[in-house]
Structure formats: structure tokens, C-alpha cells
Amino acid sequence: MKAMVRTAAIATALAMALAGCGDGAPGATAEKDEAPPANLTPGQYEVTSEIVTLASTDKTTPATKLKQGDTAVVKACVAKDGTPDPALFAEAGDTCEATSSYISNGRMSIQLKCQRPGKSGQVMPTFDGKYTLDGFSGDAQGLTYFVADGDYRYTAEVTARRIGDCPAR
């Protein structure tokens, strides 16, 4: 009986060590030990977005140059106060403003309202993800509300890395 109890105690201790539980147990990762930054690191970022899905919502041809499976790369800046340029999350050529954002302690959620040249109506992209000192990643979604044909919805996987300081203006 004592052997079974001792074996169970050893198995429990081993399981906790492998799971990284307990007081300083081996297996704890640096990610768990390192607190996320309070805000995005200022600087220039290179953002890669892969279009996972793209579909018409009005049974017409989507009013975008993007296609499912495309990869878009954008470079834009995060300001000194940690505010990202909306261009980091928008389709090329759109003019956008943030309508809501939450960026704190490693998590970020951003909603934009965009205008597309030549189209009456709006493009409404969102981004939800996580960030570290040198980049961010997450999922983007968007839906259009055009007056005429061309409405669509999309989802994208987004990764970004800080590539340096912002260019002087």
C-alpha cells in the first residue's frame, strides 16, 4: 500500500513538473515568466495578411483586388504613444479611421471604418490578436456595406514584425 501511495506521489510530482505547475517547477516557459508589454512597441512594422476566405454577400463580384489564398504585405508605423496606423489593418488604397480599439498587456482588438475610392459605402475591418515586444498576430475579418454591387466578407490570418524605426517625415 505504501508503495502505491509513494508511486502516486511521484507520478503527481512528475506530471506537475512536466506541466510547468508548482513553485518554479522545471518546464515553466519564458513566455509564462515574461509579462507582456503594456503597449505596442513604436516603430515600423511589416504586416503579412493571408486571405483565408473571401465571399460575395450580394451575389455579385466582390469589389476588391484580393482573392482567397492571396498574401498581402504592408509596411506602416506604430506611433510613439503605441497607436497603430490604420493602414496596418486596411486594404491598400482604403482610407480608414479606428472606431474602437483595445491595446493592453499583450492583447489587441481594433475596429476600423474605411472608405474605398470609387465606391459609396463602407468597408468595416476588424482585428483581434496578441502582441509581444517585436510583433503581433491574430485574425482579421471584414465586411463591406456598399451602396451598389460588390459587397463581400473576408477572413485573414495576420502576422506582423517590427522592422525598425519609422522613417523620418
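Predicted model: local features only at pLDDT ≥ 70, side-chain atom pairs only at ≥ 80, totals over all residues.

Me: Where is aspartate 94 found?
Reply: Aspartate 94 is in the loop between E2 and E3. E labels are strands, DSSP runs of at least two residues; H or I would be helices, at least four residues, and numbering starts from the N terminus. Residues are numbered from 1 along each chain as its sequence is written, and side-chain values use heavy atoms, with hydrogens and water left out.

Me: Aspartate 94: buried or exposed?
Reply: Aspartate 94 counts as buried because its relative accessibility is 14%. Buried means under 20% relative accessible area, exposed means over 50%, and partly exposed is in between (1.4 Å probe, protein chains only).

Me: What does the side chain of aspartate 94 make a polar contact with?
Reply: The side chain of arginine 116, at 2.7 Å. A polar contact is a pair of N or O atoms within 3.5 Å; within protein, one must be able to donate a hydrogen and the other to accept it, and residues adjacent in sequence count only if both atoms are side-chain atoms.

Me: Which residues is aspartate 94 in contact with, leaving aside neighbours within four places in sequence?
Reply: Cys114, Gln115, Arg116, Pro117 and Val123. Contact means heavy atoms within 4.5 Å.

Me: Switching to the sheet. What is the strand order?
Reply: The order is E2-E1-E7-E6-E5-E4-E3, in an open sheet of seven strands with antiparallel pairing. Two strands pair if DSSP finds at least two bridges between them. The twist averages 20° from one strand to the next. That angle is taken between axes, lines fitted to C-alpha atoms (for helices over the stretch in contact), and runs from 0 to 180 degrees between N-to-C directions.

Me: How many bridges pair E5 and E6?
Reply: Twelve, in the antiparallel sense. E5 and E6 form a hairpin with two residues between them. Tyrosine 131 stands opposite phenylalanine 136 in E6.

Me: And how many bridges for E6 and E7?
Reply: Nine, again antiparallel. Aspartate 139 stands opposite glutamate 157 in E7. This hairpin has five residues between the strands, and glycine 150 there takes a positive phi near 115°.

Me: What is the bridge partner of glycine 138 in E7?
Reply: Valine 158. Glycine 138 lies in strand E6, residues 135-146. The C-alpha atoms of glycine 138 and valine 158 are separated by 5.3 Å, though the two are 20 residues apart along the chain.

Me: Why does glycine 138 count as buried?
Reply: Because its relative accessibility is 17%. Beyond four places in sequence, glycine 138 touches Phe127, Asp128, Gly129, Ala156, Glu157 and Val158.

Me: Now the core. How many residues does the largest nonpolar core have?
Reply: The largest nonpolar core has 28 residues, and those with the most contacts inside it are Phe89, Met108 and Phe136. Such a core is a set of buried Ala, Val, Leu, Ile, Met, Phe, Trp, Tyr and Cys residues joined through side-chain atoms within 4.5 Å. E1, E2, E3, E4, E5, E6 and E7 each supply at least two residues of this core. The largest share, five residues, comes from E7.

Me: Which residues is phenylalanine 89 in contact with?
Reply: Leaving aside neighbours within four places in sequence, Pro84, Met108, Ile110, Leu112, Pro125, Phe127 and Phe136.

Me: Loops next. Which residue has a positive phi near 60° without being a glycine?
Reply: Lysine 59. Lysine 59 is in the loop between E1 and E2. Lysine 59 is exposed because its relative accessible area is 84%.

Me: What about the phi of asparagine 105?
Reply: Positive, about 45°, although asparagine 105 is not a glycine. Asparagine 105 sits in the loop between E3 and E4. Its relative accessible area is 48%, so asparagine 105 is partly exposed.

Me: Last one. What is the mean pLDDT of the chain?
Reply: 85, with 80% of its residues at 70 or more. pLDDT is the predictor's confidence in each residue, from 0 to 100. Over residues 1-31, pLDDT stays under 50, and the model has twelve contacts beyond four places in sequence for that stretch.
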